[in-house]
Amino acid sequence: MEARRIRALGLIERLKRHEMEAEAQEMGRLRSEANRLERRREELLEQSQTASYNSDPSLVPYLGNYVRSLRSEIGRAERDRARIDPDLRAIENRMSLAFREMKTYESVRKAAEARLRQQVEQAEEFENADQALNQWWRKRGRSR
């Protein structure tokens with residue numbers, strides 16, 4: 001009975017581990033996208049700062065539209081990044097919960113394995129003691 005329980009706990013542990021791996025892949029994808037958006041935002045901010053230092057007088061009439069366009073792109077990148085954050089937090093929470101559950105199953109499995117080992121050791125000790133007692137009785141019977 002105990003061996004079946006240990007195997008079942010091991011199976012549940014592996015399932016949780018696979019679940020966590022799938023979540024980790026999704027979290028990696030979302031973090032990659034968030035980092036890409038953050039880099040894009042930083043590039044646009046740098047462009048908007050350097051655009052005002054342009055010394056070409058023929059570009060001055062277009063500078064306002066260009067800066068507004070850059071700010072619009074910066075806002076879009078920030079909004080897209082903000083949309084990713086709740087999904088990231090949700091995945092992190094699910095992974096944390098799955099990790100705790102997996103560790104709980106692992107500790108229960110290890111405790112069951114320890115109990116099983118102890119039972120086997122006790123049975124072996126009992127068997128050894130019984131054999132020693134039988135040998136003693138046999139030797140005692142021969143000496144009489």
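Predicted model: local features only at pLDDT ≥ 70, side-chain atom pairs only at ≥ 80, totals over all residues.
Asp85 and Arg81 lie 4 residues apart in helix H2, which means that about one helical turn separates them, where a helix is a DSSP run of H or I with at least four residues, numbered from the N terminus. Their side chains meet in a salt bridge, at 2.3 Å from N to O, and by salt bridge I mean a side-chain nitrogen of Lys or Arg within 4 Å of a carboxyl oxygen of Asp or Glu. Side chains of opposite charge can pair when their charged atoms come close. Asp85 is partly exposed, with a relative accessible area of 24%, and Arg81 counts as partly exposed at 23%; here buried means under 20% relative accessible area, exposed over 50%, and partly exposed in between, with a 1.4 Å probe and protein chains only.

Residues are numbered from 1 along each chain as its sequence is written, and side-chain values use heavy atoms, with hydrogens and water left out.

How many salt bridges does the structure hold? There are 19 of them, and I will pick out some in turn. Glu26 and Arg29 form a salt bridge at 2.7 Å, N to O, and, being 3 residues apart in helix H1, they are separated by about one helical turn. Glu26 counts as partly exposed at 29% relative accessibility, and Arg29 counts as partly exposed at 47%.

Arg41 forms a salt bridge with Glu42, their closest N and O atoms being 2.8 Å apart, and Glu42 is partly exposed at 40% relative accessibility.

Let me turn to Ser48, which has its place in helix H1, residues 2-51. Is Ser48 buried or exposed? Ser48 counts as buried, at 15% relative accessibility. Leaving aside neighbours within four places in sequence, Ser48 is in contact with Leu70 and Ile74, contact meaning heavy atoms within 4.5 Å.

Finally, the surface: Glu121, Glu124, Glu125, Glu127 and Asp130 form a negative surface patch. Patches are made of residues with over 30% relative accessible area and no salt bridge, with like charges joined within 9 Å and nonpolar side chains (Val, Leu, Ile, Met, Phe, Trp, Tyr) within 5 Å. One of these residues, Glu127, is in helix H2, residues 60-143, and Glu127 is partly exposed, with a relative accessible area of 47%.

Terms used. Areas by Shrake-Rupley, 256 points an atom, 1.4 Å probe, with all protein chains shown as cover. Lys, Arg positive; Asp, Glu negative; His and termini not counted. Charge placed at Lys NZ, Arg CZ, Asp CG, Glu CD. Helix = DSSP H or I, 4+ residues; strand = E, 2+ residues; numbered from the N terminus.
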